[in-house]
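User: I would like to go through this model residue by residue before we discuss the overall fold. Could you take my questions as they come?

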Amino acid sequence: MIYNQENFPEITSKRNLTATICVYTMFGLLLIAMLALLIALPLSIQLEYNSPISTNEMIFNLIYFPILLWGLWALYKNYKHQNSKKIILISVDRNGIHHHQYNGTIQSILYKQLENSKEPYVSDIDRKIGTKYSPGYIFGFQEGKQIPIHFSKPDNGMTYIPKNKYQLVGHFLQGATLFCPHIKISQAVYADYFINPATFEFNKKAQIITYILVFILVVIMLIAVDLFLKYTKGFSILF
């Protein structure tokens, strides 16, 4: 829906519980696997073939396990400290975007604080392409530097994933055009988040079609590779 400066409303995030539970579950399983590796591996080596623990192994245990416990305690204390800063709500209003933290602090990126880009071929609001190590995100400029504008935080133990992420993005972009008209928004931002630049609405249909086309393309590529291996090397991976 298209708003003006007088009736521009505030919208808030709605947490995606399913996605959040999945991320926490994966994080928990990874943590358990790491603990099992750190504890079970040295013990399994020492107890191989039911051999008794030697003096050197006992000395190793007296040094290794206290250090391991200290390291785990330090990680836990750091997690508790960071956990107080985790996001519990995201809101977008006529002033900008606000990240509400568990400790009551609100971190805001205001429209009036956004600046023009001084980098060539980079818009005032643009997007960073994700990699296999980190997801993509939207960014703007403050004090001549790029600042990320997050609409979700899939960060393991501090995860916050809203189900209406794309609506938040569209609302923020519309607010930027209304209250900060000198800011130029990259068309790639609209395309990546399936936002209609005319209405600022999320195009769910376009997203589904894109994902289906990507899936079909991946299947075709896998079949092509499999056929190439079959007729050149004499073996098949898929069939």
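User: Which strand holds I90?
Analyst: I90 belongs to strand β2, which covers residues 87-92. Please keep in mind that this is a predicted model.

User: Is I90 buried or exposed?
Analyst: I90 is buried, since its relative accessible area is 0%, and the cut-off for that class is under 20%.

User: Which residues does I90 touch, leaving out those up to four places away in sequence?
Analyst: The contacts of I90 are I11, T12, S13, I97, H98, H99, H150, F151, S152, Y160 and L168.

User: What is the geometry of the pair of F8 and F179?
Analyst: F8 and F179 form an edge-to-face pair, with centres 5.5 Å apart and planes at 75 degrees.

User: Why does that pair tie together parts that are apart in sequence?
Analyst: F8 lies in the segment before β1 (11-12), whereas F179 lies in helix α3 (residues 165-179), so the pair links parts that are 171 residues apart in sequence. F179 is partly exposed, with a relative accessible area of 22%.

User: Which residues do ring pairs link into a cluster?
Analyst: The cluster linked by ring pairs consists of Y3, F8, Y111, F151, F172 and F179. F151 is also one of the residues that I90 touches.

User: Now the backbone. Which phi does Y121 have?
Analyst: Y121 has a positive phi of about 65 degrees, although it is not a glycine. Y121 is located in the loop between β4 (106-110) and β5 (126-128).

User: What about F200?
Analyst: F200 likewise is not a glycine and has a positive phi of about 65 degrees. F200 lies in the loop between α4 (187-192) and α5 (204-232).

User: Are Y121 and F200 buried or exposed?
Analyst: Y121 is exposed, with a relative accessible area of 86%. F200, by contrast, counts as buried at 14% relative accessibility.

User: One more residue: where is F65 found?
Analyst: F65 is part of helix α2, residues 55-83. Apart from residues up to four places away in sequence, F65 touches I39, P42 and L43.

User: How far is F65 from E143 in space?
Analyst: Their C-alpha atoms are 47 Å apart, and F65 and E143 are 78 residues apart in sequence.

User: On to the whole chain. How many helices and strands does the protein chain have?
Analyst: The protein chain has 5 helices and 7 strands. Along the sequence they follow the pattern β-α-α-β-β-β-β-β-β-α-α-α.

User: How does the radius of gyration of the protein chain stand against that of a compact globule?
Analyst: The protein chain has a radius of gyration of 25 Å, whereas a compact globule of 239 residues would have one near 18 Å. The C-alpha trace spans about 80 × 60 × 35 Å along its principal axes.

User: What share of the residues is buried?
Analyst: Buried residues make up 28% of the 239 residues in the protein chain. The accessible surface comes to about 15,900 Å², of which 66% belongs to carbon and sulfur atoms.

User: Finally, how many positive and negative side chains are there?
Analyst: There are 21 positive and 14 negative side chains, and the centres of the two sets lie 4 Å apart.

Notes: Residues are numbered from 1 along each chain as its sequence is written. This is a predicted model: local features need pLDDT of at least 70, side-chain atom pairs count only at pLDDT 80 or more; totals for chains, interfaces and linings use all residues. Side-chain values use heavy atoms; hydrogens and water are left out. Helices (H or I, at least four residues) and strands (E, at least two) are DSSP runs, numbered from the N terminus. The radius of gyration is taken over C-alpha atoms; the globule rule is 2.2 Å times the number of residues to the power 0.38. Buried means under 20% relative accessible area, exposed over 50%, partly exposed in between (1.4 Å probe, protein chains only). Accessible areas come from the Shrake-Rupley method with a 1.4 Å probe; for residues, only the protein chains shown count as cover. Lys and Arg count as positive and Asp and Glu as negative; His and the chain ends are not counted. The place of a charge is taken as NZ of Lys, CZ of Arg, CG of Asp or CD of Glu. Rings of Phe, Tyr and Trp (its six-membered ring) pair if their centres lie within 6.5 Å; planes under 30 degrees apart count as stacked, over 60 as edge-to-face and the rest as tilted. Contact means heavy atoms within 4.5 Å.
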